[in-house]
Amino acid sequence: QVQLVESGGGLVQPGGSLQLSCAASGETFRIYAMGWYRRVAGLQRTLVAHLGDGESPAYENFVRGRFTITRDTAKNMVYLQMNNLEPDDSATYYCHAGGKRDDGFYEDYWGQGTLVTVAA
């Protein structure tokens, strides 16, 4: 099993910045990709940014150029630097890790979420 704990959410004014962090623990050797999703109340969780082993980052169109995902595999951390935040970025942000099981199948792991509110 892999456990994920996010931090860094909060209230920020439009145009401001926040950095989200996610710490992975447990069977971290299973992780082959990490990323961030977000969910607005009443809507489905959607991908924000994703970074797999040996891959280039992938971003939702709406955040490309404003958000940057980075991973520190030695520390089992993933970060999301969010700049020029807009009210529409307000959501609960979830850390995600993709892991490979011993039977060869893949499993998703999720953090508990951290709330980001962008408002004046």
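**Core, sheet and one alanine**

Hi everyone, let's start in the middle of things. The largest nonpolar core has 28 residues, and those touching the most other members are Leu4, Met34, Trp36, Leu80, Met82 and Tyr93. Which elements give two or more residues to this core? They are strands E1 (2-7), E3 (18-26), E4 (31-39), E5 (46-52), E7 (67-72), E8 (77-82), E9 and E11 (114-118). Please keep in mind that this is a predicted model.

Let's pick out Leu4. Setting aside residues up to four places away in sequence, Leu4 touches a list of residues including Cys22, Ala23, Ala24, Met34, Cys95, Tyr109 and Trp110.

Now for the sheet. Four strands form an open sheet in the order E1-E3-E8-E7, with antiparallel pairing. Which strands sit at the edges? E1 and E7 do, as each pairs on one side only. From one strand to the next, the twist averages 15°. If you look between E3 and E8, you'll find 6 bridges joining this antiparallel pair. As an example to find on your screen, Gln19 has Gln81 in E8 as its bridge partner.

Last stop: Ala91, which lies in strand E9, residues 91-100. Is Ala91 buried or exposed? Its relative accessibility is 5%, so Ala91 counts as buried. And who is around it? Beyond its neighbours within four places in sequence, Ala91 is in contact with Arg38, Arg39, Val40, Thr114, Leu115 and Val116. Also have a look at Ala41: it is 50 residues from Ala91 along the chain, with 7.5 Å separating their C-alpha atoms.

Terms used
Residues are numbered from 1 along each chain as its sequence is written. This is a predicted model: local features need pLDDT of at least 70, side-chain atom pairs count only at pLDDT 80 or more; totals for chains, interfaces and linings use all residues. Side-chain values use heavy atoms; hydrogens and water are left out. Buried means under 20% relative accessible area, exposed over 50%, partly exposed in between (1.4 Å probe, protein chains only). Contact means heavy atoms within 4.5 Å. A nonpolar core is a set of buried Ala, Val, Leu, Ile, Met, Phe, Trp, Tyr and Cys residues joined through side-chain atoms within 4.5 Å. Two strands pair if DSSP finds at least two bridges between them. Axes are lines fitted to C-alpha atoms, for helices over the stretch in contact, and angles run from 0 to 180 degrees between N-to-C directions.
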